[in-house]
Amino acid sequence: MTFQQFLLILWARRKVVLYTFLATVLTTVIVSLVLPKQYSASTTVVIDVKSPDPIAGMVLPGMMAPGYMATQVDIINSDRVAQRVVRALRLDQVPVIRDQWQEATEGKGDIAVWMGGLLQRNLEVKPSRESNVIEIRFTGADPDFAAAVANAFAQAYIDTNIDLRVEPARQYATWFDSQIKLQRERLESAQKALSDYQQQTGIVVTDDRLDYEMQRLNELSAQLTMAETQGADSTSKRKFGGSDTLQEVIQNPLINQLKADVARLESKLKELSGNLGRNHPQYQRAEAELAELKSRLKEETGKVTSSIHTAGRVSQAKESEIRAAIEAQKKKVLDLKKQRDEISVLLREVDTAQRTFDAVGQRMAQSKLESQSIQTNISVLTPASPPLEHSKPKILLNVLVSIFLGALLAVGAALVLELGQRRVRSAEDLLQALDLPVLAQIDSTLTPEQRADWRFWRKRRAAGLQAAAGEA
């Protein structure tokens, strides 16, 4: 179908097109005037997702998630918020509304649920694309009622948001309260076990006592080393040294003095022997003094040698005693280490129980604060006010739409009628219908008689052409 054929069809069906178009437009205008006026009131709320939580002191990661704003929109559209609005405005107590509920549901179900569903039908929630602002719009027949419902939805959303945060915190607080009792019992049991063990062993501070005992063990080891050294030295002196060659003898001042006196008397005695003779009283007196000095020298040397032997025996006895003391001290140190390990285990249990008790107590305190919190990150940015003009129906918009739809319906009606009763309205239509060339075209200015004659001759010519085509 060419554009010319399309225009010819519209012109031929102009009455149908015109009536359909006018009927559509007039119907739209009448319906728009008859429909009750609807008023839309909107309020906006802003959600703070960047400020830290006043109790936790940190920015909650869930607020920064891409789906956070979508979740908030779903909360506003939820049945819980709608039913809270019904209870806040006391719509379930209005007699007219209760009568409508009785008529619609025959008294079945909850009126708050039924009324909340009606409010949700006229509710529209739009989040901003690049901000944290959400618009809450409600449409109703009364402007004051629409504004009141929009503000009630905003407040119900804020209250519901607080409840969603407080209810889990209350459950956590109850659970932590039971856990804090268990952790307190565990801590008291660990502390009692530590105290009983300390009283049993008599140990208060294990590290200081262990250090003291280790120091004493080291001192005994040093004394043992010294005693062993002295014993070995004494044994060596007894085996390989004579009494005159002992260092103690050589370094003894009394023995050295006696040796000097012996040497002096021996020299004097030799001199007297040459001058006076051996039988002289003076010689004999000197000889007696020399014998006495040698006796004293031998006695002193014997004392020094005996002292060395005594020191060796004392060293051996002391070494045995020190070894026994070291073994006893080692046993004491090992027992003390074992006790320290036991106490360390008990101390770790007490420390672990204390840390767990503190952590549970801290979480319980935080949960209790959160369960009592009335703070939220949502604020009303712009409260709704009663609109001055109605939002529905929009007569101008409806007329423009009806013009467009009326034109489509009119054209569609013309085409449907044309397809149901196809007619030849141009040479192109005849060519498409008969698939034969058009030899002539009668002007539309001919009279009806001329047109009738022309139709007669056209029919005869068409019949002749069909016969010729059949013979061929």
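**Buried and exposed features of the predicted model**

Phe-138 counts as buried, at 1% relative accessibility (buried means under 20% relative accessible area, exposed over 50%, and partly exposed in between, with a 1.4 Å probe and protein chains only). The model is predicted, so local features need pLDDT of at least 70 and side-chain atom pairs count only at pLDDT 80 or more, while totals for chains, interfaces and linings use all residues. Residues are numbered from 1 along each chain as its sequence is written, and side-chain values use heavy atoms, with hydrogens and water left out.

One aromatic pair is found in a search of the whole structure. The ring centres of Phe-138 and Phe-145 are 6.1 Å apart and the planes are at 70°, so the pair is edge-to-face (ring centres within 6.5 Å; planes over 60 degrees apart). Phe-145 is partly exposed, its relative accessible area being 29%.

In helix H3 (residues 68–76), the buried residues are Tyr-68, Met-69, Gln-72, Val-73, Ile-75 and Ile-76. These residues lie on the same side of H3 because they cover an arc of only 160° around the axis, the arc being that of the directions from the helix axis to the C-beta atoms. Their cover includes strand S1 (39–47), helix H4 (79–89) and helix H7 (143–201), among others (contact means heavy atoms within 4.5 Å). Helices (H or I, at least four residues) and strands (E, at least two) are DSSP runs, numbered from the N terminus.

Helix H2 (residues 14–34) contributes seven residues, the largest share, to a nonpolar patch. Leu-26 lies in helix H2 and is exposed, with a relative accessible area of 53%.

Note on methods. Phe/Tyr/Trp six-rings, centres within 6.5 Å; stacked < 30°, edge-to-face > 60°.
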